[in-house]
Amino acid sequence: MKRISCLGLLAGCLLVAGVASAQTSAKSLTQLLKSSFTAPKKFSTLNTLSTSQMQSLRNRYDAIEEARRALYQNPGWVVSKDFAATAAHLKMLGLPMPKHPAVNASLKDKELYRQQLNKILQHESRVLGTILAKKPRPNIPAHLLKWDAAKMLQSQTVSRQMWEQILKGKNSSFAWGTPNWDQVRVTPVKLSESPGDPNYISQEVMGKLTEQPEKSITAVFDFILQEKTLSPQQKQFFMMLIDDAASVLSYNFVQLYMYVFNEFPAVSYDAGALPKANDYLRSYAYTVQRRLLDKLDKTGTWAENDFEFFVETSVYLPAKKAQAVLSAATYLEPQAALWLLNNPLKDETSQKILNQLTWVRNHQQTIWPNGDMSKKSSVGSYFFGAKSKRIRSLLARMDVLNTRLQKLMNAQYQLNHMKELVDKQAKQTRDASHDVPEYVTAWSFVSARKARLQKLINQTQSEIQNIREELALNWGK
């Protein structure tokens, strides 16, 4: 059988290459091939399969497994118009694809389509996996196909028994769970040796950061923000690094890992993909700001360091919430800022405070003609510098996100390049009819992986855009 020549390159870069042997008798192999949707029907007449035929089945298996993984991670993709081309290619391979729901179809119809597609893909993976002696991903539970746009992946947890095993093994790289399903892989972060690099941290600072085995996440974040040798970009990088890992593993595990190995853990896992929401950082920001506003309310003053904490942690709050709290603390009393921090901005009392805030801000020259804010003179100068300080922290956070986005875009570029190579070779092949199944298989694999990658790109771009929009706002008016 003739092949698209660059299929070997694609297989080497994206698929699992090599020669496998069927682990079943000729009779059962024939039955399995007959029950396959995607295997060429003429295979069923063979008692044995050649190396090229086994590779063809392996390519189909990997493409279908990638589609199942994308379905699990991003169920919304398969009921969107972006799935149409992939569905057509899967149908060309022989899969009996169900009718794709219309864009305005009901949630029930879309859920039914996902369940039908899941059943077909699972059947094919099971058949091909038996032939190839591979273990496909377990079936996707029905409740996980009930897609919710606000749905977040469940965090993995680590038992105390596993902690002890890690301690005994003294190996900073390890994994657990089922491969291609819920496996979690942990490796140490490769830090830079250049002091000017965002992912550089000196051994002295790292030692102080990890010297206590029971240091709370609040204490760790406090330490990073107070460390004068770290730049704003470095602070953002390390805080986000800890938050990403803790969102998957739990902070207790991350804290133990850092203490044992004196390194930061990097996490990848099959149940989904980073980045996730800044769960720990957002909780930390609320805790710090409540504490400082309480202090301001009781003592009427802050130290310069208090204000730095307040502004730097505000970047982890929703932009409108952060701006409202900062403005209220500037022009009103701490209790007003505390109310806005602790309650929805749409709350009736919150709206009254915001209206009052607007009025005071518009009449500040009349209220404080000499610029001396009654009862607030001790902190007024700090708060009027909030704009520049918050912008500095936001820019540092955006630098880290831009670096992350660039890595995702590079991966996407490589996938696009692979597809272009396959497309080009397919057009140049004289007897392309023999190569169509292999082209379709490669295309299906790449499109499914791109769907998963695109979700991460969208999430990161959205966060960057939110920061850009806030930077464009005219604060203080």
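**Overview**

Of the 477 residues in the protein chain, 49% are buried, where buried means under 20% relative accessible area, exposed over 50% and partly exposed in between (1.4 Å probe, protein chains only). The model is predicted, so local features need pLDDT of at least 70 and side-chain atom pairs count only at pLDDT 80 or more, while totals for chains, interfaces and linings use all residues. Residues are numbered from 1 along each chain as its sequence is written, and side-chain values use heavy atoms, with hydrogens and water left out.

**Chain as a whole**

- The protein chain has 19 helices and three strands; helices (H or I, at least four residues) and strands (E, at least two) are DSSP runs numbered from the N terminus.
- Among contacts in the protein chain with a separation of 6 or more, 74% are between residues 24 or more positions apart; a contact means heavy atoms within 4.5 Å.
- The accessible surface of the protein chain is about 23400 Å², and carbon and sulfur atoms hold 53% of that area; areas come from the Shrake-Rupley method with a 1.4 Å probe, and for residues only the protein chains shown count as cover.

**Salt bridges**

- Side chains of opposite charge can pair when their charged atoms come close.
- Ten salt bridges are present in the structure, each defined as a side-chain nitrogen of Lys or Arg within 4 Å of a carboxyl oxygen of Asp or Glu.
- Glu66 pairs with Arg449, with 3.1 Å between the closest N and O atoms. This pair links distant parts of the chain, since Glu66 is in helix H3 (residues 51-73) and Arg449 is in helix H19 (residues 436-472), 383 residues apart. Glu66 is buried at 5% relative accessibility, whereas Arg449 is partly exposed at 25%.
- Glu204 and Lys208 form a salt bridge with an N to O distance of 3.7 Å. Both residues belong to helix H7 (residues 203-209) and sit four residues apart, about one turn of the helix. Glu204 is exposed, at 57% relative accessible area, and Lys208 is partly exposed, at 36%.
- Lys295 and Asp306 form a salt bridge at 2.5 Å, N to O. The partners are eleven residues apart and link distant parts of the chain, with Lys295 in helix H11 (residues 279-299) and Asp306 in helix H12 (residues 304-313). Lys295 is partly exposed at 34% relative accessibility, while Asp306 is buried at 10%.

**Helix H12**

- Eight of the ten residues of H12 are buried, which leaves the helix mostly covered.
- The buried residues of H12 include Phe307, Phe309, Phe310 and Val311, and also the charged residues Asp306, Glu308 and Glu312.

**Cavities**

- Rolling a probe the size of a water molecule over the atoms shows where empty space is left.
- The whole structure has three cavities of 30 Å³ or more. A cavity is a set of points, on a 1 Å grid over the protein atoms alone, where a 1.4 Å probe fits but cannot get out; lining residues have an atom within 4 Å of a point. Grid points are joined across faces, edges and corners, and a volume is the space filled by probe spheres set on the points.
- The largest cavity holds about 50 Å³ of space.
- Its lining consists of Leu209, Thr210, Gln212, Lys215, Val220, Tyr251, Gln255, Met258 and Tyr259. Helix H10 (residues 251-261) contributes the most to this lining, with four residues.
- By class, the lining of the largest cavity has five nonpolar, three polar and one charged residues. Nonpolar covers Ala, Val, Leu, Ile, Met, Phe, Trp, Tyr, Cys and Pro; charged covers Asp, Glu, Lys and Arg; the others, Gly among them, count as polar.

**Single residues**

- Thr38 lies in the loop between helix H2 (26-35) and H3, and is buried at 3% relative accessible area. Leaving out residues up to four places away in sequence, Thr38 touches Arg60, Ile64, Leu93, Leu95, Glu124 and Leu128.
- Most residues other than glycine have a negative phi.
- Ala133 is not a glycine, yet has a positive phi of about 60°. Ala133 is in the loop between helix H5 (107-132) and helix H6 (160-169) and is exposed, at 52%.
- Asn262, also a residue other than glycine, has a positive phi near 55°. Asn262 is in the loop between H10 and strand E3 (265-269) and is partly exposed, at 29%.

Key: 1 Å grid on protein atoms, 1.4 Å probe; cavity = no way out; pocket = protein on both sides within 12 Å on 5 of 7 lines; lining within 4 Å.
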